[in-house]
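Subject: Structure for you to look at

Hello,

Here is the structure I promised to pass on. Please open it first, then read my notes below with the view beside you.

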2 protein chains.
Amino acid sequence: MFSEEDKSYPIELVADFLGVNSRTLYYYEKFALVCPLRRGRKRYYSKADIKWLKFIREMMYEQGMNLRSIIVLIRRRDQVIMNICPDDVVDCFKNYLVKKVDQDW
Amino acid sequence: MFSEEDKSYPIELVADFLGVNSRTLYYYEKFALVCPLRRGRKRYYSKADIKWLKFIREMMYEQGMNLRSIIVLIRRRDQVIMNICPDDVVDCFKNYLVKKVDQDW
DNA sequence: AATCATTTTCACTTAAAGTGAAAAATTAAT
DNA sequence: ATTAATTTTTCACTTTAAGTGAAAATGATT
């Protein structure tokens, strides 16, 4: 059985699905906006990761928001982001991100 | 008696106070983020305008948010923006902006 | 009429977001 | 084990949002 959280999709598949360059995914990772499983050096993403990334892309390219704003909204556990994006998807990231980003930014 | 909403401050004074170029204020006006009173061609800003602009600058330069994100938050009458910025200041803009920006964007 | 401030336009700068290409490192296949 | 294929990493480049400098055009003031 595979759940939303199973990290099983390699980066190229995710990049193709989202229509982005794989380097864009590395870029988001630098901001702790996604955290794929590392098996050796290879990265594996879950369905929840993919939904989350899709959501981020929409915020950016349909709404015109920037990465920093998305991070700010997550840190504030804000209604804007929480309401639009399904709970189960957000839940995978908000705690991680709040912790992570508070450190280095 | 002068209230928060009295539009009486010329652009250079506002720009100096905020530490920005007056052209930045024209720029914000293009996005309907502020709406000074026009007497002839001259622009006059209120204290509420000034507070509002100061708030926008902080969102941008302390949080790293962009203009589009601020507009998105206002349109959603969102908690992030509404909680930080005093009610009386926000109230001057949100209805105006929601109406205005819905049209052209 | 001359001066001064304000507005407008044009072109430029800077930084965020992202990409292309290629080298280096891993992993998979024979 | 050697080759082939993938993935990661680095460098330098592109594009767009945000903002500025300079100067011309407009308008207000003395």
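Two strands pair if DSSP finds at least two bridges between them. Keep that in mind for the sheets. Also note that this is a predicted model.

**The sheets**

Start with chain B. β2(B) and strand β3 (residues 42-45) of chain B run antiparallel and share 3 bridges. With at least two bridges needed, they therefore count as paired. Look across from B:Leu37 and you find B:Tyr44 in β3(B). The whole sheet is open and has 3 strands, in the order β1-β3-β2 (chain B), with antiparallel pairing. Which strands of chain B are the edge strands? They are β1 (9-10) and β2 (37-39), and each pairs on one side only.

Now chain A. Here too is an open sheet of 3 strands, ordered β1-β3-β2 (chain A), and the pairing is antiparallel. Its edges are β1 (9-10) and β2 (37-39) of chain A, each with pairing on one side only. How many bridges join β1(A) and β3(A)? There are 2, in the antiparallel sense. A:Pro10 faces A:Tyr44, which belongs to β3(A). As background, strands of a sheet pair through backbone hydrogen bonds, either parallel or antiparallel.

**The rings**

Next, the aromatic side chains. A pair of rings is described by the distance of the centres and the angle of the planes. Over all chains, the search gives 6 aromatic pairs. One of them joins A:Tyr27 and A:Phe31. Their centres are 5.2 Å apart and their planes meet at 75 degrees, so this pair is edge-to-face. The cut-off for that label is over 60 degrees.

B:Tyr27 has a relative accessible area of 42%, so B:Tyr27 is partly exposed.

Ring pairs also build a cluster in chain A: A:Tyr27, A:Tyr28 and A:Phe31.

The charged end of A:Arg39 sits over the ring of A:Tyr44, 4.4 Å from the ring centre. In chain B, B:Arg39 lies over the face of B:Tyr44, also 4.4 Å from the centre of the ring.

**The DNA**

Now find DNA strand D. Which of the 21 residues around DNA strand D come nearest? They are A:Tyr26, B:Arg23, B:Thr24, B:Tyr61 and B:Leu67. Of the atoms of DNA strand D that come within 4 Å of the protein, sugar and phosphate make up 63%.

An N or O atom in the side chain of A:Tyr26 is 2.5 Å from a phosphate oxygen of DNA strand D. For B:Tyr61, a polar side-chain atom is 2.3 Å from a phosphate oxygen of DNA strand D. For B:Tyr28, the distance is 3.1 Å, again from a polar side-chain atom to a phosphate oxygen of DNA strand D.

By class, the surface near DNA strand D has 9 nonpolar, 3 polar and 9 charged residues.

Best wishes

Terms used. Residues numbered from 1 in each chain as written. Chains lettered and ligands numbered in written order. Predicted model: local features only at pLDDT ≥ 70, side-chain atom pairs only at ≥ 80, totals over all residues. Heavy atoms only, no water. Phe/Tyr/Trp six-rings, centres within 6.5 Å; stacked < 30°, edge-to-face > 60°. Buried < 20%, exposed > 50% of the residue type's maximum accessible area, 1.4 Å probe, protein only. Lys NZ or Arg CZ within 6 Å of the ring centre and 35° of its normal. Near = heavy atom within 4 Å. Polar contact = N/O pair within 3.5 Å; in protein donor to acceptor, adjacent residues only side chain to side chain. Nonpolar A, V, L, I, M, F, W, Y, C, P; charged D, E, K, R; others polar. Helix = DSSP H or I, 4+ residues; strand = E, 2+ residues; numbered from the N terminus.
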